[in-house]
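My notes follow the structure.

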Amino acid sequence: MNTIAHWIDGQAVPGTDTAPVFNPATGAEQARVALGGSADVDTAVAAATRAFEAWSESSLSQRTQVMFAFRQLLVDHEEELGRIISAEHGKTVDDARGEITRGREVVEFTCGLGDVLKGNFSDQVSRGVDVHDFRQPLGVVAGITPFNFPAMVPLWMHPIAIATGNTFILKPSERDPSAANFVAELYRKAGLPDGVFNIVHGGKPAVDAILTHPGIRAVSFVGSTPIAKYVHEQATAHGKRVQALGGAKNHAVVLPDADLEYAANHITAGAYGSAGERCMAVSVAVAVGDAADGLVEVLARKAREVKVGPGNAPGTDMGPLVTKAAQERVENAVGTAATQGATIVVDGRGLKIDGHEDGFFTGPSLLDHVTTDMDAYREELFGPVLAIVRVDTLDQAIHLINANPYGNGTALFTTSGEAARRFQRNVHVGMIGVNVPVPVPMSYYSFGGWKDSLIGDSPIHGPEGIRFYTRPKVVTTRWPQQAQSAAAGFDFPTSD
Ligand code: NAD
């Protein structure tokens with residue numbers, strides 16, 4: 001059986017312990033993944049520290065050339081990488097190709113790094129004195145990533161870290177680790193020197209070794225909120241910069257003036273695409289006033305039309321969940337919702353796919369009359385379950401969203417510009433869609449939620465990514481004419 005090894009200093013490094021990697025569509029173990037610990041992290045930090053010496057001295061042009069080549073390799077190998085992701089995650093190949101495209105956009109952002117990294121220059125701030133600033137890389141930095149976007153979420157991190165002159169250690173999810181190794185190969189083919197991009201696979205022991213290692217300057221984390229809080233606490237306590245993105249419960253609000261067919265179409269795709277395993281998935285539809293009955297009817301029809309099957313079968317809309325535990329957790333949550341008073345309009349439990357009876361499948365579920373005290377509303381289910389909450393007014397919808405501890409994404413479906421403006425100004429959420437269900441920002445903006453969806457203060461990629469992976473220097477310069485011999489002043493310097 002294939003064992004997925006660590007990747008350190010340009011070489012595959014086998015681990016001593018391993019864990020199983022499953023094919024979620026069949027339920028069968030298909031590979032083993034190395035489980036790293038502090039010794040592996042030490043080796044990776046040593047390699048990345050050595051590589052930093054030369055890489056941080058390379059020119060902006062050399063670094064962007066690697067990114068141009070890497071970008072083209074991601075285009076050329078999109079289908080192959082998409083199939084690798086689909087086989088371990090379960091999502092459809094087209095959906096996996098979509099995440100590669102969105103991740104590649106971050107690489108494209110770094111191809112224009114020369115412009116983004118330009119500093120400021122102030123001429124003659126005082127007589128004969130100029131000031132300029134510039135940014136430098138931090139050193140060795142690390143990324144810890146979730147299972148649900150095994151290509152895109154790491155791509156939010158490493159292209160920016162590497163292009164700005166840092167060296168990088170990735171700790172991918174142990175559930176779908178192969179995409180990371182494939183990307184390491186692409187970097188090598190793109191001409192990236194050994195030791196600049198490294199991978200240590202594993203679970204908590206590998207994470208803990210990263211969080212406490214004195215040679216790592218910054219940690220980027222994306223995953224569930226409890227682990228984001230833990231990572232933020234541990235890594236800041238060990239003197240590191242941290243960006244830590246957490247979980248979500250995303251509401252899509254539908255006003256009575258919205259085109260219900262359009263709204264339901266997009267909410268269905270946002271709720272059940274990738275089996276709901278997206279941090280920007282729509283998990284709550286908030287039906288305002290008269291919109292409710294009509295919306296539920298169309299959503300139910302569309303949920304029943306979702307084609308569930310293996311991710312590599314043509315025509316599949318939605319694949320299995322990532323693990324058996326996830327399948328059981330989601331199906332139990334649907335049962336609990338019913339006992340707590342929700343109406344199950346569409347029941348996805350117990351779905352069997354011919355020829356894939358042991359796969360981790362569950363069908364789309366639609367729950368109506370969900371209230372804020374129910375588990376189905378309070379918990380991030382991270383599965384294909386859409387809860388409908390009914391309210392009377394837009395302001396009640398905004399109040400509901402603001403009272404929720406998460407604040408990653410939200411959407412409003414309406415034809416009213418006034419309502420859209422009121423919504424985007426008043427809602428306590430980081431990423432907002434107007435008639436757009438999954439409003440993931442482009443790579444030249446930054447991605448990040450509010451409240452429990454982002455711990456600390458640093459969103460990811462775009463301008464915030466540049467800021468996170470570099471630190472500024474401000475230089476004040478005077479070149480006195482040799483003949484002048486002005487006395488140095490002892491008072492605190494001011495401009496004159
Ligand atoms: P997770 O928190 O279980 O795992 C994330 C990473 O942390 C993995 O690399 C994992 O190995 C590691 N980890 C897990 N348990 C740990 C522990 N006890 N100590 C140290 N490290 C640990 O998340 P997941 O299940 O892989 O991914 C789904 C979650 O990620 C959802 O909550 C989803 O909303 C969130 N997510 C958020 C965003 C965002 O941008 N906000 C994006 C994608 C996913």
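I took domain bounds as they come from an automatic or database domain assignment. For the protein chain, this assignment gives domain 1 (3–246 + 453–475) and domain 2 (250–434). The model is a predicted one, in which local features need pLDDT of at least 70 and side-chain atom pairs count only at pLDDT 80 or more, while totals for chains, interfaces and linings use all residues. Residues are numbered from 1 along each chain as its sequence is written.

**Entry 1: the two domains.** I noted that 31 Å separates the C-alpha centres of domain 1 and domain 2. I then looked up their contact (C-beta atoms, placed from the backbone, within 7 Å). Domain 1 contributes 18 residues and domain 2 contributes 23 residues. On the side of domain 1 that touches domain 2, α3 (78–89) and α4 (93–111) each supply at least two residues; helices here are DSSP runs of H or I, at least four residues, numbered from the N terminus. The largest share of that side, three residues, comes from α3.

Entry 2: Of the 28 residues around the ligand, the nearest are Pro 146, Gly 223, Ser 224, Gly 247 and Cys 279. The elements giving two or more residues to this shell are α8 (204–212) and α9 (225–237).

Why does the ligand lie between domain 1 and domain 2? I recorded that both domains give residues to the shell around the ligand, so it lies between them.

Definitions and conventions: A residue is near a molecule or strand if its C-beta atom, placed from the backbone, lies within 6 Å of it. Two residues are in contact if their C-beta atoms, placed from the backbone, lie within 7 Å.
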